[in-house]
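Work each one out before you read the solution.

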Amino acid sequence: MHLEFRHLRILLTVAEAGSIRKAAARLQLSQPATSAQLKRIEHELGGPLFIRSADGVKPNENGQYVLRCARDLVIGFDRLREYARSAAEADRRTAAPLRAGGTAGPLVSLLVSALFELVPERRLTIDARRSVHTLVRSLSLSKCDIAVFGEFPGFPLPVGESVVTRTLLREPVFVLLAEDHPLAGQETVALHELADEDWVMPEADESGVHAYLHLTCRSAGFTPRIAHVTPDLAVARILVAGRRAVCGVWPTAEVSAQGTVQRPLVDIPFHRRLLLAWNTESVPPELADAACERVLAAYVSLVRQRPRYLAWWEGGGAEFALGDGR
């Protein structure tokens with residue numbers, strides 16, 4: 001018989017169990033088979049390693065030395081295997097593309113830029129979706145690794161058990177008005193001042209955007225009239241410029257067109273939470289943490305490029321956006 005690594009584990013199991021019977025149970029072997037295996041090992045190593053008695057077995061002097069060596073070898077082998085597997089997993093992650101996603105908007109570009117800087121060696125694939133439900137489902141099914149999206153208060157989006165989300169900030173909704181609208185001359189607009197307006201909105205979806213608008217407007221004392229539904233912002237701009245409707249817009253978006261103006265809404269906290277989500281099976285925590293920091297920093301830089309948003313931000317809005325209520 002040639003001594004193999006598994007024989008060392010048998011020796012250690014016998015020594016730890018203190019009897020052939022108990023060792024056999026741990027090894028899931030019969031007692032005669034374990035006893036015969038131990039005798040063959042001892043023969044290969046030159047003689048008895050254990051003292052047998054009615055109370056069990058214990059290593060003799062030679063056995064103590066052999067067991068010390070065997071334990072060192074087993075520990076070393078386990079460390080080698082753990083290192084090799086970790087290295088292989090790291091290589092696999094590096095070789096596999098990092099799949100980033102988000103709902104269409106400026107936040108996706110911020111995430112992509114952050115990942116280009118953080119993991120320049122990784123191949124990056126992008127999947128920007130219009131439907132947040134489709135995006136979240138891709139995360140849950142491990143078809144997407146890391147993504148950014150918005151979530152309205154009271155309408156949480158379900159994610160899989162392996163997906164972690166972190167709130168970056170709370171982003172307010174501004175209102176898009178015709179430049180000759182009576183409210184366009186104000187620096188801010190209270191939501192109740194829009195009670196008699198028609199609204200143009202994107203299509204209703206699983207995000208709860210229509211329901212959230214209704215709930216928020218009702219808290220301001222009226223029910224909104226959603227007269228127009230379109231996914232095309234260009235169409236919404238035309239309706240707004242023509243005084244056919246008003247429209248909620250995100251203050252980071254470049255939506256102001258000829259004949260329209262943006263104004264912050266006050267009094268009612270009409271907003272969404274911006275989230276970064278990642279799959280813990282494919283994105284290490286240190287990368288997720290760094291991505292959060294970079295995306296948030298880039299967002300604040302974007303705020304400074306939007307004069308209306310910057311005025312709101314510096315006028316106390318930053319406390320709302322970045323406060324503990326996130």
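**Exercise 1.** Is S19 buried or exposed?

*Solution.* S19 is buried, at a relative accessible area of 12%; buried means under 20% and exposed over 50%, with partly exposed in between (1.4 Å probe, protein chains only). This is a predicted model, where local features need pLDDT of at least 70, side-chain atom pairs count only at pLDDT 80 or more, and totals for chains, interfaces and linings use all residues. Residues are numbered from 1 along each chain as its sequence is written, and side-chain values use heavy atoms, leaving out hydrogens and water.

Helices here are DSSP runs (H or I, at least four residues), as are strands (E, at least two), numbered from the N terminus. Then list its partners: not counting residues up to four places away in sequence, S19 touches V14, G56 and V57, contact being heavy atoms within 4.5 Å.

**Exercise 2.** Find which residues of helix 3 are buried, and what covers them.

*Solution.* Start with the buried set: T34, Q37, L38, I41 and E42. They sit on the same side of helix 3, because they cover an arc of only 135° around the axis (taken from the directions from the helix axis to the C-beta atoms). Now turn to the face pointing away from that buried side: P32, K39 and H43 are exposed there. Finally, the cover over the buried residues includes helix 1, helix 2 and strand 1 (50–53).

**Exercise 3.** What follows helix 3?

*Solution.* Look for G46, which has a positive phi, near 100°.
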